Amino acid sequence: MPRPVESPVVSPYRARLYRLIFAAAAAYNLAFGLWAALFPRDFFIRCEMAPPTYPAIWACLGMVVGLYGLGYAYAAWRLDRAAPFIAIGLLGKILGPAGWLLAVSDGEWPVRTVTLILFNDVIWWLPFCLFLLEGTRLAAAVRASAPYVCAAANAAAILTMAAVLRPGTEIVPAVADRVAYVARHPALWRGGWAVWIAAALSLVAFYAWWGSWLRRSTWAVAAVGVAAAGLACDLFAESLLIGWLPREYDRIAPLATLCTGAAANGLYTLAGIALTVLTRSLRGFLLALTWAVWLAGLALTMCTVARLPAGIAISTGALFALFCPWAVWLGRTLPAAEGGLTDAGDELPAADGAVLAVDGGLPARDGESWTR
């Protein structure tokens, strides 16, 4: 039997998640690098920008981004040696948005290029940071806060929808009124959707926390992967709403609504159902409330596909009214109910009594065994 890959203190479940995340980052960077290198004008055409005078510069940037992908692929393979690659990548993903903000404020790039920043940089911040902080109290505190941060972020999102975004959505019958509202309040409109981006990120983090308490960690990781696909749909939709409106409202808004209300919400709901089936400790009213949340999510997906604005509004209100208190309740009860469980087959006893994970994990620093 081959010797287990050794890595810093990390549970088998989190090791699988990190490998999935770093592999996804590698695939994304390699794909983006090839696209930019082979078609250096395509990004500018799609964003309706003037083509670059020297497209070779953009092509070279694509090659650099692709090289980052090779580093992430190695990080996914060898978690024990991943920290330098992830630290360098994280620094680039912080500097990238900073440069983008300067370019937008100077009028060199339009806001509609925000899609690039969300997928190149922002979506990776949390998992990269948590990996670099593994084994610290801060990382444990961040993971433990996931249900409560998710509930708060989603409560803020629905309140923002009611107070700020609603006049620019399809609940208002006249398209001209929606366009006029967005044109009059661009900062509020963009800031409101930024809140929704934060809520979407917190939701996937909450699903990852939920999966950490389950016996079947492989299936839990798969459910989190489905939720991550929903996040990609969500961020794409919200980047369109932030960057392209009010111009081309008739073309962009319906597409964004389908991406977030149907595709993203449908995948979130599917992932939630999978995690519910895997959670054996759910009983009584909490189980009933859990299924009520997913039924509301399914209703929202169906109303979005059917293009029923009133149905979208009602099902969205019901979904968030149920989801926010339910997430807090699950955060309080799940650790007590599932805390003693371990992933079957994921551990081997180490000679000194510490825990050695088959998927990756050195005996914990200072003699501590890993915890969820």
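Helices here are DSSP runs of H or I with at least four residues, numbered from the N terminus.

1. Basis. This is a predicted model, in which local features need pLDDT of at least 70 and side-chain atom pairs count only at pLDDT 80 or more, while totals for chains, interfaces and linings use all residues. Residues are numbered from 1 along each chain as its sequence is written, and side-chain values use heavy atoms, without hydrogens and water.

2. Surface patch. Leu-61, Val-64, Tyr-68 and Ile-88 make up a nonpolar patch on the surface. Together they have about 340 Å² of accessible area (Shrake-Rupley method, 1.4 Å probe). Patch residues have over 30% relative accessible area and no salt bridge, and nonpolar side chains are joined within 5 Å. Helix H3 (residues 55-77) gives the most, with 3 residues. Tyr-68 lies in H3.

3. Helix pair. H10 (residues 186-211) packs with H11 (residues 217-243) at about 175 degrees, their axes 9 Å apart. Axes are lines fitted to C-alpha atoms over the stretch in contact, and angles run from 0 to 180 degrees between N-to-C directions. H10 is therefore roughly antiparallel to H11 (over 145 degrees). Residues that meet include Trp-189, Trp-193 and Tyr-207 in H10, and Leu-231, Asp-234 and Glu-238 in H11; contact means heavy atoms within 4.5 Å. By class, 18 residues are nonpolar, 1 is polar and 3 are charged.

4. Look at the loop between H11 and helix H12 (249-278), where Pro-246 lies. The peptide bond from Leu-245 to Pro-246 is cis, with omega near 10 degrees. Glu-248 is in this loop too. Its phi is near 55 degrees, a positive value in a residue other than glycine. Most residues other than glycine have a negative phi, and most peptide bonds are trans.

5. Salt bridges. The structure holds 8, each a side-chain nitrogen of Lys or Arg within 4 Å of a carboxyl oxygen of Asp or Glu. One of them joins Asp-42 to Arg-46, with the closest N and O atoms 2.9 Å apart. Because these residues are 4 apart in helix H2 (residues 42-46), about one helical turn separates Asp-42 and Arg-46.

Notes. Helix = DSSP H or I, 4+ residues; strand = E, 2+ residues; numbered from the N terminus. Parallel < 35°, antiparallel > 145°, perpendicular 65-115°, else oblique. Nonpolar A, V, L, I, M, F, W, Y, C, P; charged D, E, K, R; others polar. Patch = residues over 30% accessible without salt bridge, like charges linked within 9 Å, V, L, I, M, F, W, Y side chains within 5 Å.
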